[in-house]
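Hello,

Here is the structure we talked about. Please open it alongside this note and follow the residues as you read.

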Amino acid sequence: MNPANLRIGIGHDTHRLKTGGPLRLGGIDIPFDKSLDGHSDADVLLHAVTDAVLGAAALGDIGELFPNTSAENKNRCSIEMLQIAMGHVREKGYKLLNVDCIVFAQKPKLSDHKQQLAKSVAHALDIESRLVGIKAKTGEGIGDVGQENCMMAQCIALMYLEESDD
Ligand code: MG
């Protein structure tokens, strides 16, 4: 493996919380009395993952690929968006090595769901679950996360360019 062919990407996303569950996160439905608001299904974790993989391949961002002004993207499933993004990434010759994610949520407690989240994200990315890190942080009761106004997510993705583009 030539280290010069390694690529790293970062993704971040925020969505407001609204009354009424379940919470769609990482491609699964988690029992909760609130859900995320947005043009698509507002899956904040998958949106951060999508931006990280697009970023590693320098292929723009989720907003360019799936504009929130497009009717086609209304309530759109984020698993599908991530799979389309990964298709572009693979087409350019990139192999995804691993992702590491942080979800920022005051509630619900995500520790019981981390394994299922990793499995779901891994499935969407078509990689093994052991290659997906999922961490959860609260907002310590302060700020927009802590006050349960929103949830945020971050993701970092490492890729290998199998065919050099030079
Ligand atoms: Mg988003």
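This is a predicted model: local features need pLDDT of at least 70, side-chain atom pairs count only at pLDDT 80 or more; totals for chains, interfaces and linings use all residues.

Pro108 sits in the loop between β5 (94–104) and α4 (114–125). Pro22 belongs to the loop between β1 and β2 (23–25).

Two backbone angles deserve a look. Asn75 is not a glycine, yet its phi is positive, at about 60 degrees. Find Asn75 in the loop between α2 and α3 (78–91). Asn75 counts as exposed because its relative accessibility is 55%, and the cut-off for exposed is over 50%. Glu148 also has a positive phi, near 60 degrees, and is a residue other than glycine. Its loop runs between α5 (143–146) and β7. Is Glu148 buried or exposed? Glu148 is buried, because its relative accessible area is 18% and buried means under 20%.

Now the metal. Which residues coordinate the magnesium ion? They are Asp13 through OD, His15 through NE2 and His47 through ND1. The distances run from 2.1 to 2.2 Å. Along the sequence, the donor residues follow the spacing D-x1-H-x31-H. His15 is in strand β1 (residues 6–19) and His47 is in helix α1 (residues 44–56), so this pair ties together parts that lie 32 residues apart in sequence. Both histidines fall under the 20% cut-off for buried. The relative accessible area is 12% for His15 and 6% for His47.

His47 turns up again at the largest pocket. This pocket holds about 260 Å³ of space. Its lining counts 16 residues. Those nearest the pocket centre are Ser40, His47, Ile62, Phe66 and Asn68. Three elements, β1, α1 and α2 (62–65), each supply at least two lining residues. Which element gives the most to the lining? That is β1, with 4 residues. By class, the lining of the largest pocket has 10 polar, 4 nonpolar and 2 charged residues.

Last, please look at Gln154. Gln154 lies in strand β7 (residues 150–161). Gln154 counts as partly exposed, because its relative accessibility is 31%, which falls between the cut-offs of 20% and 50%. What does Gln154 touch, leaving out residues up to four places away in sequence? The contacts are Gly11, His12, Ala48, Asp100, Cys101, Ile102 and Phe104. With His12 there is also a polar contact, side chain to side chain, at 3.4 Å. Asp51 is 103 residues away from Gln154 in sequence. In space, the two C-alpha atoms are 9.4 Å apart.

- Go on to Asn75 and Glu148, with their positive phi values.
- Centre on the magnesium ion and show Asp13, His15 and His47.
- Stay with His47 and bring up Ser40, Ile62, Phe66 and Asn68 around the pocket centre.
- Finish at Gln154 and its polar contact with His12.

Best wishes

Note on methods
Residues are numbered from 1 along each chain as its sequence is written. Side-chain values use heavy atoms; hydrogens and water are left out. Buried means under 20% relative accessible area, exposed over 50%, partly exposed in between (1.4 Å probe, protein chains only). Contact means heavy atoms within 4.5 Å. A polar contact is a pair of N or O atoms within 3.5 Å; within protein, one must be able to donate a hydrogen and the other to accept it, and residues adjacent in sequence count only if both atoms are side-chain atoms. Donors are N, O and S atoms within 2.8 Å of the metal (3.2 Å for Na, K and Ca); water is not among the atoms, so sites may look incomplete. On a 1 Å grid over the protein atoms alone, a cavity is a set of points where a 1.4 Å probe fits but cannot get out, and a pocket is an open set with protein on both sides within 12 Å along at least five of seven lines; lining residues have an atom within 4 Å of a point. Grid points are joined across faces, edges and corners, and a volume is the space filled by probe spheres set on the points. Ala, Val, Leu, Ile, Met, Phe, Trp, Tyr, Cys and Pro count as nonpolar, Asp, Glu, Lys and Arg as charged, and the others, Gly among them, as polar.
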